[in-house]
Amino acid sequence: MLQVRLRGARTHNLRDVSLDFQQGQLIAVVGPSGAGKSSLAFATLYAEGQRRFVESVSTYARQFLERLSRPDVDELEPVPAGSAVDPRGAVRPRRATVASLTDIADYAKSLWAHLAERRCAACGERVARVSAESAADEVLRKFAGRRVSLSYRVTFRGAEEFLGVRDALVADGYRRVRVAGEQRDLDEVRPSEVTGEDESAPCSAARAWRR
């Protein structure tokens, strides 16, 4: 991309500001109140880009677009078409951003979903998509020659919900659970043992697996 050259910007409270920046970069304009941040970003760069964009469309379309005045600069080339969200304006919805107003947000979501690298929030390791077959092959390879049991955590709130979960496990073919590290028959587990109502119960979670 071409480098943008700004020379002698005098919009509002700017005093002959000159700078160069590369298109496609993320640039933050910072400074104390009254330093000219909005004058540079909105009244100069955006205003000239918007003005040239309006001039490029048909006469019919121009009547529906806001036309900004030419900023007071000696040179500003090249200027791509721009979009801006003024935080002081009555933007609807209130949480609108440049990406949402220009419909870029939907494309960005799709891009990030395909290019982003998933990481485990607990250990930081990369999370890869695997099939049931590849997961089973990995377990058999890693624990070759050893006896292995696979389980998953079952969550519930209260004794009544536990009874419903227990019936669902039985219907799915599960008969044994692990409570506090001990293998138990599902019918022998009392609700109070896994809901925390029994003070002697060392664990409030159960793990289940098929027989």
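The second largest pocket in this predicted model has a volume of about 250 Å³. The largest pocket holds about 1200 Å³ of space.

**The largest pocket**
- About 1200 Å³ of space lies here. Of the 29 lining residues, Phe21, Gln25, Ile27, Leu45 and Ser83 are the closest to the centre of the pocket.
- Strand β2 (17–22) and helix α1 (37–56) each contribute at least two residues to the lining.
- Helix α1 gives the largest share, with 8 residues.
- The lining counts 20 nonpolar, 8 polar and 1 charged residues.
- As background, rolling a probe the size of a water molecule over the atoms shows where empty space is left.

**Nonpolar cores**
- The largest nonpolar core has 11 residues. Among them are Val154, Phe156, Phe162, Val165, Leu169 and Tyr174. Val177, Val179, Leu186, Val189 and Val194 belong to this core too.
- Helix α6 (158–171) and strand β5 (174–179) each supply at least two residues of this core.
- A second, separate core has 7 residues, including Leu6, Ala9, Leu40 and Val79.
- In soluble globular proteins, nonpolar side chains tend to be buried together.

**Fold and contacts**
- Along the sequence, the elements follow the pattern β-β-α-α-β-α-α-α-β-α-β-β-α-β.
- Contacts can be sorted by how far apart the partners lie in the sequence. Of the contacts with a separation of 6 or more, 50% join residues 24 or more positions apart.

- The chain exposes about 15600 Å². Carbon and sulfur atoms supply 51% of that area.

Technical notes. Residues are numbered from 1 along each chain as its sequence is written. This is a predicted model: local features need pLDDT of at least 70, side-chain atom pairs count only at pLDDT 80 or more; totals for chains, interfaces and linings use all residues. Side-chain values use heavy atoms; hydrogens and water are left out. On a 1 Å grid over the protein atoms alone, a cavity is a set of points where a 1.4 Å probe fits but cannot get out, and a pocket is an open set with protein on both sides within 12 Å along at least five of seven lines; lining residues have an atom within 4 Å of a point. Grid points are joined across faces, edges and corners, and a volume is the space filled by probe spheres set on the points. Helices (H or I, at least four residues) and strands (E, at least two) are DSSP runs, numbered from the N terminus. Ala, Val, Leu, Ile, Met, Phe, Trp, Tyr, Cys and Pro count as nonpolar, Asp, Glu, Lys and Arg as charged, and the others, Gly among them, as polar. Contact means heavy atoms within 4.5 Å. Accessible areas come from the Shrake-Rupley method with a 1.4 Å probe; for residues, only the protein chains shown count as cover. A nonpolar core is a set of buried Ala, Val, Leu, Ile, Met, Phe, Trp, Tyr and Cys residues joined through side-chain atoms within 4.5 Å. Buried means under 20% relative accessible area, exposed over 50%, partly exposed in between (1.4 Å probe, protein chains only).
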